[in-house]
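This report is intended for a reader who is meeting the structure for the first time. The sequence and the model are shown below, and the sections that follow take up selected parts in turn.

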Amino acid sequence: MTVRVTRRAFGTGAMAAAALGATQLRAAAPTALTARVSTAQIAPRGYPATEVWSYDGGLPGPVLRVPQGGRLRRRLVNDLPVPTSVHWHGIRIDNAMDGVAGLTQQPVPPGATFDYDFAVPDAGTFWYHAHTNSMEQVARGLAGALIVEEAEPPEVDRDEVVLLDDWLLDPADAQLMTPFGHPMSLSHAGRTGNLLGANGSYDCVLPVRRHERLRLRLINGANARIFVLRLRGMNGWTAALDGMPLPGPEPVTGEMILAPAQRLDLIVDVTAETGEAAALLHLERDGSTQPLMRLPVAGTAAVRAREAPAALPPNPRMAVSGLDTARRLEMAMEGGAMAGLVSARFEGRDMGFRDLARRGQFWALAGQVGMTDAPFARLDRGETVRLKLTNSTVFAHAMHLHGMHFREVRGDGSLGPLRDTIVSVPDEPLEIAFVADNPGRWLFHCHMLAHAAAGMTTWIEVA
Ligand code: C2O
Ligand code: CU
């Protein structure tokens, strides 16, 4: 026994030495992040595993953790049969690393690699996902969490990532339903799944102890579903939205809305009794609930009574100032079923509804369907921008700006929390403001990925 321990210790030392040597040799080669075809047991036991596209073989991809102010270095290895690229959602990133195929980089062909290497200025909950044909690639599973850690994290017993998703599976064989760009999802509410869950399973289980305090980092990785979240057996506070800390944690009193790509950092205390289960639920329109994660309670944590959690440390550059003298922009959001486009510009010419529909295009931003050679706006570096969105469709949209966070300018002139993705609902004008302080070409699009593919994508340039 002693010999074995000694040997193991020796073995570990030798391995560490070998690893050190290898690290030095590989100084120029970042750790791989391999996109490939794999399988995952998403559906209940008894159903076959689902063929998915994954990062490093897992669904979701590995949780990447980087200290704030550090760098993330990863070599994307494309073992998929199609080109791909990785977008690091919500990071105030160097534009060349933003991962948008066709705008900030060429798509990475099968068999090729691309090195991502960038600084992470803000601590918080972010995520990464494919940004080449994302409507299909994200639905197939190419997504994972990117956690940028505070130097001084809040006092919690555990820090857990909960990547929410819904999968559209064929009930006969539990395989992903195709096509990914069905005209119904393109022109209506997007691709919504028939099996809801978290962290790659319809039955995500996180055993806890009573009175335990957890930080739950919720990420909506679904293509189109807006989750309406409810806590059971937990007392919670919202500590951050889209990676950015709130000035102080806000008690959770009712349902929480989490649109595609949005994040929500909750601090929760488990209040359910031993032998019961706490749960994270999704509330359906008909009032029924679906479990997204179960937290069975076994045993009791030492601390029974606690103070409300303290605020997370603020990130640098959280202010949006200069609103009075800001440049004002307006963008009409149009199209989709029941409010179809009469005509709009697509690939440089005016087209009617039928011609657009034939090309799988249903939506327009500022009269324009999909990407254009010239940006929607050219902004001077450092200027403050107010962008008014008018939603004349009959659907909600989750509008996402790359590279910079923004705040909502509310009717009374007050500013909402810093976000990178915001829900726009029909007939309610929405104004957002941001400081254009990150140079480059940045996408602005709906994160209901079928909408993005069917016209709701544009871009701005900060020079
Ligand atoms: Cu989360 Cu343009 O992406
Ligand atoms: Cu949309």
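## The nonpolar core

The largest nonpolar core in this predicted model contains 123 residues. Within that core, Leu146, Val162, Leu164 and Phe434 touch the most other members. In soluble globular proteins, nonpolar side chains tend to be buried together.

The surroundings of Phe434 can be listed individually. When residues up to four places away in sequence are left out, Phe434 touches Val320, Val385, Leu401, Met404, His405 and Phe406.

## Domains and the contact between two of them

The domain assignment divides the protein into domain 1 (1-28), domain 2 (29-149), domain 3 (158-300) and domain 4 (327-462). The centres of domain 2 and domain 3, taken over C-alpha atoms, are separated by 21 Å. Between these two domains, 27 residues of domain 2 are in contact with 28 residues of domain 3.

Which elements supply the side of domain 2 that touches domain 3? At least two residues each are supplied by strand E2 (50-55), strand E7 (124-130), helix H2 (134-139) and strand E8 (143-149). By residue class, this side of domain 2 comprises 17 nonpolar, six polar and four charged residues.

## A six-stranded open sheet

An open sheet is formed by six strands in the order E10-E9-E13-E18-E15-E16, and its pairing is mixed. Strand E10 (195-198) and strand E16 (244-251) stand at the edges; each has a single partner strand, so one side of each is left without a neighbour in the sheet. Neighbouring strands of this sheet are turned against each other by 25° on average, direction ignored.

At one end of the strand order, strand E15 (residues 234-241) runs antiparallel to E16, and four bridges join the two. In this pairing, Leu241 stands opposite Met244 of E16. In a regular strand the side chains alternate between the two faces of the sheet.

## Strand E20 and its partners

Strand E20 (residues 289-300) pairs with strand E11 (residues 204-205) in the parallel sense over two bridges. The bridge partner of Cys204 in E20 is Met293. Strand E12 (residues 208-210) also runs parallel to E20, and two bridges join them; here Val208 has Val297 as its bridge partner in E20.

With strand E19 (residues 277-283), E20 pairs in the antiparallel sense over seven bridges. Met293 of E20 is the bridge partner of Leu280, and Met293 is likewise the E20 partner of Cys204. E19 and E20 form a hairpin with five residues between the strands, in which Gly287 takes a positive phi near 95°.

Is strand E33 (residues 440-446) mostly covered or mostly uncovered? Strand E33 is mostly covered, for six of its seven residues are buried.

Strand E28 (residues 397-401) pairs with E33 in the antiparallel sense over three bridges, and Met399 stands opposite Cys446 in E33. Strand E34 (residues 457-462) also runs antiparallel to E33, and six bridges join these two strands. The bridge partner of Leu443 in E34 is Trp459.

## Backbone features in loops

Two cis peptide bonds may be described together. One joins Leu59 and Pro60, with omega about -10°, and Pro60 is placed in the loop between E2 and strand E3 (64-67). Another joins Thr178 and Pro179, with omega about 0°; Pro179 is found in the loop between strand E9 (158-167) and helix H3 (183-187).

Met338 has a phi of about 70° and lies in the loop between strand E21 (327-335) and strand E22 (343-346). Glu347 has a phi of about 50° and lies in the loop between E22 and strand E23 (349-352).

Conventions:
Residues numbered from 1 in each chain as written. Chains lettered and ligands numbered in written order. Predicted model: local features only at pLDDT ≥ 70, side-chain atom pairs only at ≥ 80, totals over all residues. Buried ≥ 20, exposed ≤ 12 C-beta atoms within 10 Å, placed from the backbone. Pairing = 2+ DSSP bridges. Domains from an automatic or database assignment. Contact = placed C-beta atoms within 7 Å. Nonpolar A, V, L, I, M, F, W, Y, C, P; charged D, E, K, R; others polar. Core = buried A, V, L, I, M, F, W, Y, C linked by C-beta atoms within 7 Å. Axes fitted to C-alpha atoms, helices over the stretch in contact; angles between N-to-C directions.
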